[in-house]
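Hello,

Here is the structure for you to look over. My notes follow below it.

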There are 2 protein chains.
Amino acid sequence: MEFSSKLIEKAVNEMSQLPGIGKRTALRLVLHLLKQPKEQTRFLSQALLNMREDIKFCESCHNISDTRVCEICANLARNHQTICIVEDVRDVMAIENTGQYKGIYHVLGGKISPIEGVGPSQLNITTLVEKVKSGKVVEIIFALSSTMEGDTTNFYIYKQIADSGIIISTIARGISVGDELEYADEVTLGRSILNRVPFEKTFKNN
Amino acid sequence: MEFSSKLIEKAVNEMSQLPGIGKRTALRLVLHLLKQPKEQTRFLSQALLNMREDIKFCESCHNISDTRVCEICANLARNHQTICIVEDVRDVMAIENTGQYKGIYHVLGGKISPIEGVGPSQLNITTLVEKVKSGKVVEIIFALSSTMEGDTTNFYIYKQIADSGIIISTIARGISVGDELEYADEVTLGRSILNRVPFEKTFKNN
């Protein structure tokens, strides 16, 4: 792609480094910004810069936070004895949006993935094991995605905390609410039968 | 969507103002930036800022440019007697990429569109008419998209320059190279028969 302006070219090149944004999309976005008031671009670049420079990670759960300890960990009304282990910040948001969970989180920052070169040492596992060994934790809930990497990570952590005597659970796998049974995959359907729950539970919770 | 950080929220809000980028995509992009070195965000926001603040529009053709007059208009090797009228900067790039056009351009900056509230006065039409009236122009080529707005804009400009005695042409509409005839729409196919060209022309140009 040939550009009549070096400034445009540079902006497009930087934009197209973002995932899922190719050169054409980047050009469309950049030309959109050109048509808008200068303030919009100023606000955008300032917001990105501030975010990247000033963002902190919670010292306790590694969630993103504006303060040293995130709002969830600092909230004494929450149950600090239950820790939900998630892969990344978006999972915290997703679970928070359900409004069903009152414990705290531990963000691993990824999954063990030999293919992508991510080993246990790059994840926030040590701090989790320390937390468990401190004796203040009653239950750990694995909430990683149900892939080979997720299962590997679950198992790696499980091996390190299995002898601590705490409850180790994992989120339920089953048929999504609203889904047709006949279209569900075999593994999920199989697991949903194996891990069936008392019927009363399904309406008592709501 | 609830965010655990005001900084993230602000960045996501600014990002999601871009066309085609919703809150979820914006969050994905912002979290991607968080995982990359700080330099990437610095370069991105600086490039956007520089682009928006320092970009100029060519005084002659209104193309984007780093200088007062764009490279195409400043190139004396090009034919300054032929002006191709396009809607926006991307069209200039698209035609330049073909390598088939040696004249200069005139970027209107949009199309006349009553629905979107764009009237002739918001487009770069006056400067075009002045250029034509200066007597240095021999041919005008309409290269706007073939929509109702495009046709309206073509006709509006045509009415103002029709009595100047210059050649007024429009890019050929027809079956795309490589397309199957049976899937072409009727209007295009009809026009491609009406505006048929001498067969020798199709191989002499290449």
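Which residues does T170(A) touch, not counting those up to four places away in sequence? They are I141(A) and F142(A), where touching means heavy atoms within 4.5 Å.

First, the ground rules. This is a predicted model: local features need pLDDT of at least 70, side-chain atom pairs count only at pLDDT 80 or more, and totals for chains, interfaces and linings use all residues. Residues are numbered from 1 along each chain as its sequence is written, chains are lettered from A and ligands numbered from 1 in the order written, and side-chain values use heavy atoms, leaving out hydrogens and water.

T170(A) sits in strand β6 (residues 167–170) of chain A. Strands here are DSSP E runs of at least two residues; helices are H or I runs of at least four, and both are numbered from the N terminus. A polar side-chain atom of T170(A) lies 3.4 Å from the backbone oxygen of F142(A). T170(A) counts as partly exposed because its relative accessibility is 47%; that class lies between buried, under 20%, and exposed, over 50% (1.4 Å probe, protein chains only).

Now the sheet. Four strands form an open sheet in the order β4-β3-β5-β6 (chain A), with parallel pairing. Pairing takes at least two DSSP bridges. The edge strands are β4 (103–107) and β6 of chain A. Strands β3 (residues 79–86) and β5 (residues 139–142) of chain A pair over four bridges. There, I83(A) has I140(A) as its bridge partner in β5(A).

Best regards

Definitions and conventions: Polar contact = N/O pair within 3.5 Å; in protein donor to acceptor, adjacent residues only side chain to side chain.
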